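Me: I would like to go through the terms used for this structure and see what each one rests on.

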Amino acid sequence: MPSIASSLFWIALIAAIAPIVAGLIPRRLVPEVVLLLVAGAVVGPFALNIAADSEAIGILRELGLGMLFLLAGYEIDRQELSGRGGRRALYTWLFCLALAFTVVALLGMRNVISAEAAVAIAMTSTALGTLLPILKDNKLLDTRLGKTVLNHGAVGELGPVVAMAVLLSARGAVLSLIVLAVFALIAVIVAVLPGKLIHEGSWTHRLVRAGADTTAQTTVRLTVLLLVSLGVLSAVFSLDVILGAFAAGFILRRLMPEGDERLEIKLDGIAFGFLIPIFFITSGMAIDVSAVAASPGILIAFLILIVVVRGVPVFFVTKFEKVEPPFTTRESAQVALYGATGLPMIVAVTGAAVDAHQMSSDNASILVAAGAITVLLLPMIATLLTKKEKVS
């Protein structure tokens, strides 16, 4: 088995080379995260076996996943999410979930699939954290289209997390809902306390600001404390770390509603420069390439189901949304393609199903591979549509 030092070297090498390779590809059509996943699969235990996961690397992986969703939660406009667009995104996701359960129930009756609940939840996810760098690179974040994608993405991340906690938990639905409510209450308390302790003009506020750009890096350290605290709280309640990380992002945005460019630059450096690449590379290392190659039909079928279950409803909702000017067919298709892009939640859901012995690791690898393909193909097609629209 490869050593931790050897594994870290290959992970660091891939992380350094991937953005360079992505930059050499015309129009940056292949997202960097796809290169990280593919390279991780190549060096991982199911291919060259020159890098392997371990407890130490696993901690970095969890931090990377946490930072990915903290930044996703931070980017969400709470007013937009609680407004008409956010409500429409929620209703759309609920329809997608009902459609997914209908499809997997029919397939389950024919013994085509197992772990129906996990598969259904996975099909309704949107990889908001994965889409953020793509939307930033395409300068779409502050556009109407970008905000619509963010709404669908936020619900497409939070919805599956809550569904996982309720439907895949061994505690039962009622007790799981109680646990979620207690977690939410504690998160609200955590959100309120910093505002009381470090309010504008107080000596604590001056102290934090004074150390923000020194070796103390107080704002960064407090952000990491917030992320880790809510991650630990999620673990205590046997919830997925994604929920705690998303809550941390929401809280951070509440504390800084106008944003903080200096802090954002530092967090981007830590997240995208170090921790997040580790998450995607190690996710690729978990893909059993031979199992995926042995079942291309299942891979294609699941890929089609993701597009039908998640992408098609988002398309029609966007197309017939009553806004001025209305979304064009091309813009609606772009939102749908971004909305059907899923990966981190597919990794999380399949991992939970494998741990609960509801799904084999081979099938989990196929579903994760399908999620990786959505990250490769769907944003690429959406980007091509954007380029074509600009030229026309």
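Predicted model: local features only at pLDDT ≥ 70, side-chain atom pairs only at ≥ 80, totals over all residues.

Reply: Residues are numbered from 1 along each chain as its sequence is written, and side-chain values use heavy atoms, with hydrogens and water left out.

Me: What is the mean pLDDT of the chain?
Reply: The mean is 87, and 98% of the residues reach 70 or more; pLDDT is the predictor's confidence in each residue, from 0 to 100.

Me: Why are helix 1 and helix 13 called roughly perpendicular?
Reply: The axes of helix 1 (residues 4-24) and helix 13 (residues 261-285) cross at roughly 110° and come within 10 Å. Angles of 65 to 115 degrees count as roughly perpendicular, under 35 as roughly parallel, over 145 as roughly antiparallel and the rest as oblique. Helix 1 and helix 13 are therefore roughly perpendicular.

Me: Which residues meet where helix 1 and helix 13 are in contact?
Reply: Ile11, Ile14 and Ala15 of helix 1 meet Pro277, Ile278, Ile281 and Thr282 of helix 13, contact meaning heavy atoms within 4.5 Å. These residues divide into 6 nonpolar, 1 polar and no charged.

Me: What makes Phe9 partly exposed?
Reply: Phe9, in helix 1, has 48% relative accessibility. Buried means under 20% relative accessible area, exposed over 50%, and partly exposed in between (1.4 Å probe, protein chains only). Phe9 therefore counts as partly exposed.

How values were computed: Axes fitted to C-alpha atoms, helices over the stretch in contact; angles between N-to-C directions. Helix = DSSP H or I, 4+ residues; strand = E, 2+ residues; numbered from the N terminus. Nonpolar A, V, L, I, M, F, W, Y, C, P; charged D, E, K, R; others polar.
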